[in-house]
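Thanks for coming. I will walk through one structure, so please look at the sequence and the model as I put them up.

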Amino acid sequence: MPDVQFSWIDGSIVGLYFVVAIAAGLSVRKYVGKVDEFLVAGREMDIYVGIASLAATEFGIVTCMSAAELGFKHGFAGATAGILGAAAMFLIGWTGFCIKPLRDAGVITVAELLEVRFGARIRWLSGLVIVLGGLLNMGVFLRAGGDFLVIVCGFSPDYLEITMTAMLIAVGVYTIVGGMLSVLVTDYLQFVVMSVGMLAVTVLTLWYVPWSQLTTVVEEHYGAGGFNPLANENLGWTHVIFQALLNASAMLTWQTIIARLLSARDTKTGQKVYMRTSFFYACQFIIPGIWGIAALATLDPEVLTQLAADKNEAHAMPYFLATTAWPIGLTGVLVAAMLAADMSTDSSYLLTWGSVIYNDLLAPFRKTQWSEKRGLRWNRTIVALIGVFLLFYGLWYPLKHGIWIYLSVTGTIYLASMSTLLIASCYWKRANNWGAAAAIVVGAVLPIAHLVAEQLPATEKLAHQIGIERTGIATFVAAGVAMVVGSYLKLAVKGAGDVQPR
Amino acid sequence: MFSPADFWLAMIVACIIWFSTVTVYVAIRGAMDIRQMLKRLEQRHQEQKRAEDSSP
């Protein structure tokens with residue numbers, strides 16, 4: 001255990017933040033009387049609360065740890081994914097590519113829009129892969145958050161489960177009660193706390209660890225590859241292409257991002273939220289990346305060797321934060337900031353995947369109109385059940401590679417197929433349900449097969465040789481090919497006049 | 001000569017300036033947005049209640 005700097009003053013700051021955040025979340029419960037108020041805040045979200053919410057949601061402890069891990073393992077080049085994400089989001093917001101027809105349709109989920117073009121079965125199948133990919137992706141959030149807090153606060157590792165459970169209960173309570181409204185209000189508060197904490201720590205990190213020391217340590221460990229992803233032997237073209245595909249598809253179809261677009265007052269507001277939040281995606285990789293590089297520059301060589309031996313490089317940044325002598329109270333602000341980041345992410349993700357289960361997976365069981373009360377009860381139950389799943393999955397699943405790699409692969413399970421379906425439904429007239437079904441199956445099977453292969457001793461080596469990024473690129477290409485082949489196959493079999501799904 | 005390290009330094013400076021500006025701006029305008037959003041929802045609830053009360 002490192003000699004941590006967390007004191008009672010820091011603990012008081014964290015405790016105060018915790019109480020205020022939960023109180024703010026619970027305070028808006030009286031405005032939630034209908035399902036659309038619970039799921040999309042009655043579509044009353046404006047630009048600035050949208051920016052705060054989107055930024056806070058997409059940056060959690062898991063993102064922070066994964067970005068810092070990329071900085072620690074690859075130097076500045078590790079932040080390439082963030083720059084690609086920022087560029088993709090700005091371009092999509094600026095042009096309205098896919099997101100304009102999506103918001104104009106007035107739907108709650110991407111799958112709901114797909115039903116219009118491809119039929120009810122494709123909507124259900126889409127909902128299934130969205131939930132599968134989303135929940136697997138979210139499965140490591142609690143553990144990453146728990147690990148971070150345990151290290152930075154200097155708790156015994158035995159308290160990991162208790163820390164995870166406490167975080168989940170706190171987030172679950174206000175999300176279940178207030179839905180998207182609680183999420184928006186707490187996201188706003190969390191954005192402010194998170195930003196202040198991150199900026200203060202970053203400025204002080206650059207003060208304590210001079211720029212020349214950061215560049216020297218990156219040069220020593222990674223050479224030119226620490227600055228240029230194409231010159232980095234562990235990144236290269238495959239990393240850049242996969243991250244470009246992944247980020248562009250996430251901006252189009254990742255349900256937690258799309259939920260902000262769909263909660264916006266109108267399409268223009270949604271596009272503005274996209275454009276004005278885009279640079280945050282670069283920040284969320286570059287800023288923790290600096291912390292990761294600072295850890296590489298300042299941690300004891302024995303600690304670095306141990307972290308590498310245990311394949312625990314993600315813990316380097318929390319060790320750096322825990323052992324640095326910050327001004328009194330700053331560790332508390334930092335922990336509150338990270339807690340804010342994590343709570344906003346967890347609450348949004350709980351609600352978002354719950355909305356897909358309710359809106360798309362349960363759609364066939366809602367043949368008759370459910371009362372608002374019944375709809376709300378179901379939504380709240382689903383959110384609670386997702387929370388229980390996360391707790392058990394987070395404790396059980398062993399991460400074989402870095403956190404970002406895991407997030408990328410699980411995200412690909414649905415991003416590859418859903419982005420293909422969305423683009424085809426908006427812009428390709430010949431697309432039909434055969435192509436859609438083929439794209440969904442292919443898009444899910446390849447990444448799941450890779451995840452399973454790397455857990456089995458017999459195939460672990462093969463999975464490692466192929467590499468997660470090659471599997472990811474292949475998945476995107478295969479989903480596109482499947483959509484084209486499947487659609488033309490139906491046209492050939494059924495004829496051009498009979499391609500409607502229903 | 002603009003080196004790769006200079007590029008990353010420029011990105012870091014841009015991140016800090018952009019992030020601090022957006023934080024202050026969003027903190028102020030976001031609070032106003034939330035107030036307006038809750039006000040509209042309150043009005044909507046009142047209108048619905050009035051409509052329910054007036055319906056036979």
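How many residues of chain A are in contact with chain B? The count is 32 residues of chain A against 26 residues of chain B, where contact means that the C-beta atoms of two residues, placed from the backbone, lie within 7 Å. On the side of chain A that touches chain B, α3 (47-57), α10 (160-208), α11 (211-222) and α14 each supply at least two residues. The most comes from α10(A), with nine residues. By class, that side of chain A has 23 nonpolar, six polar and three charged residues. Here Ala, Val, Leu, Ile, Met, Phe, Trp, Tyr, Cys and Pro count as nonpolar, Asp, Glu, Lys and Arg as charged, and the others, Gly among them, as polar.

Some housekeeping. This is a predicted model, in which local features need pLDDT of at least 70 and side-chain atom pairs count only at pLDDT 80 or more, while totals for chains, interfaces and linings use all residues. Residues are numbered from 1 along each chain as its sequence is written, and chains are lettered from A and ligands numbered from 1 in the order in which they are written.

Now chain A as a whole. Chain A has 22 helices and zero strands; helices (H or I, at least four residues) and strands (E, at least two) are DSSP runs, numbered from the N terminus. The C-alpha trace spans about 70 × 55 × 45 Å along its principal axes. Of the 502 residues, 60% count as buried. A residue is buried if 20 or more other C-beta atoms lie within 10 Å of its own, exposed if 12 or fewer, and partly exposed in between, with C-beta atoms placed from the backbone. Among contacts in chain A with a separation of 6 or more, 86% are between residues 24 or more positions apart.

Next, one helix. Why is α16 (residues 316-323) of chain A described as largely enclosed by the rest of the structure? Because seven of its eight residues are buried. They are A:A316, A:M317, A:P318, A:Y319, A:F320, A:L321 and A:A322. These pack against α4 (61-74), α9 (141-153), α14 (267-298), α15 (301-309) and α17 (330-361) of chain A.

Take α9(A) from that list. The axes of α9(A) and α16(A) come within 8 Å and cross at roughly 30°. The two helices are therefore roughly parallel, a term for angles under 35 degrees. At their contact, A:F148, A:I151 and A:V152 of α9(A) meet A:P318, A:Y319, A:L321 and A:A322 of α16(A). That contact has seven nonpolar, no polar and no charged residues.

Last, two residues of helix α5 (residues 80-95) in chain A, A:A86 and A:L84. A:A86 counts as buried because it has 22 C-beta neighbours inside 10 Å. Beyond four places in sequence, A:A86 is in contact with A:S278, A:F279, A:Y281 and A:A282. A:L84 is also buried, with 24 other C-beta atoms within 10 Å. Not counting residues up to four places away in sequence, A:L84 touches A:Q243, A:A244 and A:N247.

Technical notes
Axes are lines fitted to C-alpha atoms, for helices over the stretch in contact, and angles run from 0 to 180 degrees between N-to-C directions. Angles under 35 degrees count as roughly parallel, over 145 as roughly antiparallel, 65 to 115 as roughly perpendicular and the rest as oblique.
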